[in-house]
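Good morning, and thank you for joining. I would like to walk through one structure with you, beginning with a ligand site and then turning to the helix packing.

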Amino acid sequence: MSDMNQQMTARYKNNFLKEIEEQAEMGDWVKMCMQCGVCSGSCPTNFHSAWDHPPQELFMMIRAGKRDEVLESGSMWNCVSCYNCYVRCPRKVPITHIMHGLAEYAYRLGKAPKQQPTQFLSKTFWDNATKTGRVNEVKLTQTLYFKNGLMDGIKQAMAMQSVALGLVKAKRLNPMEAVGGGHKCKDIKGIHAMLAKARELEAQRKGRAA
Amino acid sequence: MARKEYAFYPGCSSQKGASASNYLTSVESMCKTLDVKMTEIPDWNCCGASISYAESGELPRLVMNARNFALAEQNLPGQDIVATCAACWLGSRESKERLEHSSVLMADTNTALKEAGLNLKVIPEVRHMVEVLIEDLGYDELAKPVKKPLDGMKFAGYVGCQTNRPFGIAGESFENPMYLDKLVESVGGTATQFDQKVTCCGGALAFSEPDKAQAQIKDIIEAAYDSGAEMLVTPCPLCQANTEVYQGQINKKYGTKFNMPVLYYSQLMTLAYGGTAKEAALDGNVIKARKLEEFAAK
Ligand code: SF4
Ligand code: SF4
Ligand code: SF4
Ligand code: SF4
């Protein structure tokens, strides 16, 4: 068990709803759900059997205290931020943000499924964007395709080759970015300092061990 | 002085050599004709996009957006921030609302910003380019400079999700927004009855789980063909890229014969205003819009 998971289990005992309310982004809205099912019926990813548990079900499980089942679920990782559910929910529950909040919290606790591709994308994207302040699309693509090792990466890159070539020809993917050209902010130092401070303040406010 | 001035937030994908650089070129041409001045926010940074949620956490993401607000406030006082990318717009506007809603988050944000030598007092309005066109100028003004109407060309207006939800354009419905169709019509084109106009394309899953996203993209392109459209038009660089660049792979997987060009509204407007293929950045389309290339040469 990770330190933070131990810390939180001890703090909230069996009150999982309270844990989500205080720890997950927008988690204090979960109690507003009236189980109407509109969100589950609106979700485009639902058609591809991606979800073990659509949003409505996750909210019910949170109230029922099913901590492991919720935090270890792959469901919230399939949310594509389309905001269909968000604008339709009769109780105005900010479902999209809660999905992200649950995923983030599960990830911090070390309970999120391993090898979850969207989790990897999320980390890669944020690291990529905050390194220089702006996204480097070439490095982003490289890291993504090579995540499973060299052979798999080459296979995936080959499959995507026609896509990439098309973009390069249309001057929309700049291979120079891979070797350190690319876009950056001038005040990278300031950005890093400000982000370090932000992480520190957030951990403090949520009472998380740094 | 220009008729309107804005603090421009181009976003990562619209930089030179990036995946939506053709969007930027055509927006510049369009704004020149409309006498709208867009000044880039100096040293702006990425908004973090929706997809970074798991790694970033809440405050760091807000702080990234707040840095852009502070830079705009300091360098371009009194100007609204205008984004061309739906995701940048959404990320910034959501951050604005959350900061204005919570004094705790606002105070923490300013503590963090101090590390970068910045301070945020009033957050400027955050708007999408399309909002500016429709609300600050209006369809009539947009139609005035038309020199070459796009007569007889049929476009399916693909609004996608993030330009539409959760904020959308004032006065439009989430289920059937009409503004993109109206934009097409104000420059002389025909908008088809396209029933997938607000369907999600799968967003970032196109990268992390391509099979799932491509199934969604296939439905969208299919419906565009069914509506009688020759081309797709979008207001968002992500929707544009997702619906354009995977058509070849979808053809391989499903045996379809998709080859539908996907344009930005700004490209259509530039051409209708008499701009060249270069000014409209038609060379930036992966699936070539032959019909428009011929139209531009005429
Ligand atoms: S739509 Fe809203 S109220 Fe209905 S189940 Fe979903 S979250 Fe709950
Ligand atoms: S925002 Fe996420 S949970 Fe909501 S409908 Fe879209 S994909 Fe599903
Ligand atoms: S949404 Fe995309 S394009 Fe816009 S700033 Fe963020 S990463 Fe860059
Ligand atoms: S890229 Fe797809 S998911 Fe993102 S806004 Fe456009 S339609 Fe929606």
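**Ligand shells and helix packing**

Ligand 4 is surrounded by 10 residues, of which B:Tyr158, B:Cys161, B:Gln162, B:Cys201 and B:Cys239 are the closest; a residue is near a molecule or strand if one of its heavy atoms lies within 4 Å of it. By class, the shell around ligand 4 has 7 nonpolar, 3 polar and no charged residues. Here Ala, Val, Leu, Ile, Met, Phe, Trp, Tyr, Cys and Pro count as nonpolar, Asp, Glu, Lys and Arg as charged, and the others, Gly among them, as polar.

Before going further, this is a predicted model, in which local features need pLDDT of at least 70 and side-chain atom pairs count only at pLDDT 80 or more, while totals for chains, interfaces and linings use all residues. Residues are numbered from 1 along each chain as its sequence is written, chains are lettered from A and ligands numbered from 1 in the order in which they are written, and side-chain values use heavy atoms, with hydrogens and water left out.

Around ligand 2 we find A:Cys43, A:Pro44, A:Trp51, A:Cys79, A:Val80, A:Cys82, A:Tyr83, A:Asn84, A:Cys85 and A:Thr96. This shell divides into 8 nonpolar, 2 polar and no charged residues.

Next, chain B overall. Chain B holds 14 helices and 8 strands; these are DSSP runs, numbered from the N terminus, with helices being H or I of at least four residues and strands E of at least two. The radius of gyration of chain B is 19 Å, close to the 19 Å that the globule rule gives for 298 residues, so chain B is as compact as a globular protein of that length. That radius is taken over C-alpha atoms, and the rule is 2.2 Å times the number of residues to the power 0.38.

Within chain B, how do the axes of helix α3 (residues 58–75) and helix α5 (residues 103–114) cross? They come within 9 Å and cross at roughly 70°, the axes being lines fitted to C-alpha atoms, for helices over the stretch in contact, with angles from 0 to 180 degrees between N-to-C directions. α3(B) is therefore roughly perpendicular to α5(B); angles under 35 degrees count as roughly parallel, over 145 as roughly antiparallel, 65 to 115 as roughly perpendicular and the rest as oblique. The contact of α3(B) with α5(B) comprises 8 nonpolar, 1 polar and 3 charged residues.

Finally, chain A. Helix α1 (residues 3–12) packs against helix α7 (residues 95–109) at an angle of about 115°, with the axes 7 Å apart. α1(A) is therefore roughly perpendicular to α7(A). A:Met4, A:Asn5 and A:Met8 of α1(A) meet A:Tyr105, A:Arg108 and A:Leu109 of α7(A), where contact means heavy atoms within 4.5 Å. This contact has 4 nonpolar, 1 polar and 1 charged residues.

α1(A) also packs with helix α2 (residues 16–23) of chain A, at about 120° and with axes 9 Å apart. α1(A) is therefore oblique to α2(A).
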